[in-house]
Amino acid sequence: MNERDSEIIAQTLADNGYFPASTMAGADLVILNTCSVRAKAEQKVMSLLGALRKAKRERPEMRICVAGCVAQQEGRRIIERMPHVDLVLGTQQIYRLPELLAQAVAGGARSVTDLVDDYAIPRFLPAATGTGATAPLEESCRFRKFVTIMQGCNNYCTYCVVPYTRGREVSRRVDDIVDEISLLVAGGVKEITLLGQNVNSYGRTNPVHSRADYGFADLLRAVAAIPGLARLRFTTSNPKDLDEALIRCFAEIDTLCPQFHLPVQAGSDRILARMHRRYTVADYLEKVDKLRQHCPAIALTTDIIVGFPGEREEDFAATLSLLERVRFHGSFSFKYSDRPGTRACLLDGKIAEEVKAERLARFQARQDQISLERNRQYVDQELAVLLEEVTIDGGRGRTGTNHLVHFSTPLPHRPGDIILARITQAGQHSLQGRSAD
Ligand code: 5AD
Ligand code: SF4
């Protein structure tokens, strides 16, 4: 979501006559688009802001803006602690950056972090913007794009800061989403990832379509019908809201990639209840089994938090056995950290840092082995790969399962082509292949 916000910020600035600087030291405007989901991300922002204090002393005309979730969370406190920051921009204000920056510099408000419940995600069409044709950012891949379908979250998992920094859940209208994607596809984009904090509850909180019960599975079908769109993905989902209608899409929509990021967070029912996740391990496993029945090739990934307050050794052991049972293709795992204003901050049974670190290491070591074992099963298979980069002696791209494939022999193809690749080798985090066309 932050990556997409960075693109929007860059595009908005490009439309206002800015262009990207090659170094931070030489920039007229530095924007830190921040994440506060875990304490570590927030610490990075604070130390970077400390370094920028010096840069600004040398070049007082440099403007500094803090955007994203840390900005939303800290608001004025950032300006008080860091007077060299010109503007603190809340998560619902990013489209207004040029205007708000001009006002701040002219003596207006330096912290704008209003968060409204009925936020309407603006229509933001790439072609409708002035210099939209020129890419303002160095893009990771111009054939794969994120499209926001909803923002905010109403779930209040006890560890999570998102409902506070992103506000109440709001969905974008179907027409806006379809228009935006149609334009991207017309401009050559092959793959779209639909973005939201909890895409399964798309359409639940505000009208998105004339049909009142229009939901995420309906949206997927509408997007899949856009001619020329080769691949469709989405992220992310709370397992409690994953329903049959969505599971069936994996069997019925050809362009929906066989990949699902389904954060489980923990393998112990006691901890899941303390996290207020509102599903049990049995519920989760039932959904995993159904997904695999409908789409045997599906690659499942997850998020795990270790050391949640009150996590005993047996709870952690349950997380390890869930890993053995599901054998995720990959996972993102984190040590629990207190986030300001969340209910988990107030829970007792905080876990010592060394215990968290040791559990994290144990989990990750086992996950790495499983990822490698799973990846080895792709060796000698022929898989469709969307090429992201082609060089004179190779290139790289991604499979439908979202595995990165490196090629170290020349490819008679161009970036954006979807080719058939024979997998020759597997590592923990990527595959090697050669063109099988
Ligand atoms: N501590 C550690 N990890 C967290 N996450 C969210 N909040 C916290 C926290 N307070 C993790 C969850 C989530 C991912 C984006 O970040 O696993 O799915
Ligand atoms: Fe945070 Fe996701 Fe829970 Fe929402 S569903 S509160 S974004 S972890």
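**Figure 1. Asp 315 is a buried residue, with a relative accessible area of 5%.** Buried means under 20% relative accessible area, exposed over 50% and partly exposed in between, using a 1.4 Å probe and protein chains only. The model is predicted: local features need pLDDT of at least 70, side-chain atom pairs count only at pLDDT 80 or more, and totals for chains, interfaces and linings use all residues. Residues are numbered from 1 along each chain as its sequence is written, and side-chain values use heavy atoms, with hydrogens and water left out. Asp 315 lies in helix 12. Helices (H or I, at least four residues) and strands (E, at least two) are DSSP runs, numbered from the N terminus. The Asp 315 side chain makes a polar contact with the side chain of Arg 270, at 2.7 Å. A polar contact is a pair of N or O atoms within 3.5 Å; within protein, one must be able to donate a hydrogen and the other to accept it, and residues adjacent in sequence count only if both atoms are side-chain atoms. Beyond neighbours within four places in sequence, Asp 315 is in contact with Ser 268, Arg 270, Ile 271 and Gly 310. Contact means heavy atoms within 4.5 Å.

**Figure 2. Helix 11 and its buried residues.** These are Val 281, Tyr 284, Leu 285, Lys 287, Val 288 and Leu 291. They sit on the same side of helix 11, because they cover an arc of only 160 degrees around the axis. The arc is that of the directions from the helix axis to the C-beta atoms. On the other side of helix 11, Ala 282 and Gln 293 are exposed. Cover for the buried residues includes helix 9 (244-252), strand 11 (299-306) and helix 12.

**Figure 3. Tyr 156 and Tyr 164 form an edge-to-face aromatic pair.** Rings of Phe, Tyr and Trp (its six-membered ring) pair if their centres lie within 6.5 Å; planes under 30 degrees apart count as stacked, over 60 as edge-to-face and the rest as tilted. The count by this rule is nine aromatic pairs. Tyr 156 is partly exposed at 29%. Tyr 164 is partly exposed at 35%.

**Figure 4. Tyr 284 and Phe 328 form a tilted pair.** The values are 6.4 Å centre to centre and 55 degrees between the planes. Tyr 284 is in helix 11, Phe 328 in the loop between helix 12 and strand 12, 44 residues apart.

Definitions and conventions
Chains are lettered from A and ligands numbered from 1 in the order in which they are written.
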